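Subject: Structure handover

Hello,

Here is the structure you asked for, with the sequence. My notes on it follow below.

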Amino acid sequence: MATRSGNRQQANSGGANTAAKPAMRKPVFIKVDQLKPGTTGHNLTVKIVNANTVLSKKPRNPSSLRVPARPQQNTRIAECLVGDETGSILLTARNDQVDLMKPDATIIIRNAKIDMFKGSMRLNVDKWGRIEAGEPATFVVNEENNLSLVEYELVNVEE
């Protein structure tokens with residue numbers, strides 16, 4: 001009996017070592033001028049130039065819905081011009097993200113994606129990404145190179 005329990009302990013400890021987690025990668029930060037349409041997974045450190053609230057909408061009447069009541073928040077959307085020393089782009093901020101959008105503040109954006117809106121690029125951070133306040137930056141935003149002013153057109157190429 002003693003040998004059986006000893007074998008079990010060895011088998012259990014051996015199984016735990018084989019299921020080790022892979023090491024996490026360090027984020028690679030890029031500059032605004034490196035953004036391209038339809039790309040994802042961008043990490044940037046940018047400064048906010050201005051922020052305009054586009055939508056501030058109250059939730060529907062919860063009593064008219066058949067879904068169990070949960071705390072409802074106002075839907076808020078703001079368009080913010082953000083950038084670094086290489087260029088600028090419009091960022092669409094939603095709900096809690098709007099609170100961080102103060103002019104001249106520096107933010108760190110992780111796992112952002114580029115969405116196309118009316119043929120122009122917009123930076124967007126969905127539920128898989130994160131926006132957090134950063135240390136004040138020393139660079140001056142280059143507003144001359146605004147990537148959101150460039151209009152793109154979808155072209156089908158026949159082979």
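Glutamate 132 is placed in strand 6 (strands are DSSP runs of E, at least two residues, and helices are runs of H or I, at least four residues, numbered from the N terminus). Before going further: this is a predicted model, in which local features need pLDDT of at least 70 and side-chain atom pairs count only at pLDDT 80 or more, while totals for chains, interfaces and linings use all residues. Residues are numbered from 1 along each chain as its sequence is written, and side-chain values use heavy atoms, with hydrogens and water left out.

Salt bridges

There are seven salt bridges in the structure (a side-chain nitrogen of Lys or Arg within 4 Å of a carboxyl oxygen of Asp or Glu). One of them joins arginine 110 to glutamate 132, with the closest N and O atoms 3.4 Å apart. Arginine 110 sits in strand 4 and glutamate 132 in strand 6, so this pair links distant parts of the chain, 22 residues apart. The two side chains also make a polar contact at 3.4 Å (a pair of N or O atoms within 3.5 Å; within protein, one must be able to donate a hydrogen and the other to accept it, and residues adjacent in sequence count only if both atoms are side-chain atoms). Arginine 110 is partly exposed, at 27% relative accessible area (buried is under 20%, exposed over 50%, partly exposed in between, with a 1.4 Å probe and protein chains only). A network of salt bridges links Arg110, Arg130 and Glu132.

Leaving aside neighbours within four places in sequence, glutamate 132 is in contact with Leu100, Ile107, Ile108 and Arg110 (contact means heavy atoms within 4.5 Å).

Arginine 76 and aspartate 99 form another salt bridge, with 3.0 Å between the closest N and O atoms. Here strand 2 holds arginine 76, and the loop between strand 3 and strand 4 holds aspartate 99, 23 residues apart. Both are partly exposed: arginine 76 at 23% and aspartate 99 at 42%.

The side chains of lysine 113 and aspartate 126 also form a salt bridge (3.8 Å, N to O). Lysine 113 is in strand 4 and aspartate 126 in the loop between strand 5 and strand 6, so the pair ties together parts 13 residues apart in sequence.

Core

The largest nonpolar core contains 22 residues, and Ile89, Leu91, Met101, Ile107, Ile109 and Leu123 have the most contacts inside it (such a core is a set of buried Ala, Val, Leu, Ile, Met, Phe, Trp, Tyr and Cys residues joined through side-chain atoms within 4.5 Å). At least two residues each come from strand 1 (40-57), strand 2 (75-84), strand 3 (87-94), strand 4 (106-117) and strand 5 (120-124). Strand 4 gives the largest share, four residues. Beyond four places in sequence, the contacts of isoleucine 89 include Val32, Leu35, Ile114 and Leu147.

Loop and surface

Glutamine 97 is in the loop between strand 3 and strand 4. This glutamine counts as buried, because its relative accessibility is 15%. Not counting residues up to four places away, glutamine 97 touches Thr92, Val125 and Ile131.

Met116, Val150 and Tyr152 make a nonpolar surface patch of about 240 Å² (patches are made of residues with over 30% relative accessible area and no salt bridge, like charges being joined within 9 Å and nonpolar side chains (Val, Leu, Ile, Met, Phe, Trp, Tyr) within 5 Å; areas come from the Shrake-Rupley method with a 1.4 Å probe, and for residues only the protein chains shown count as cover). Valine 150 lies in the segment after strand 6 (130-133) and is partly exposed at 37%.

Regards
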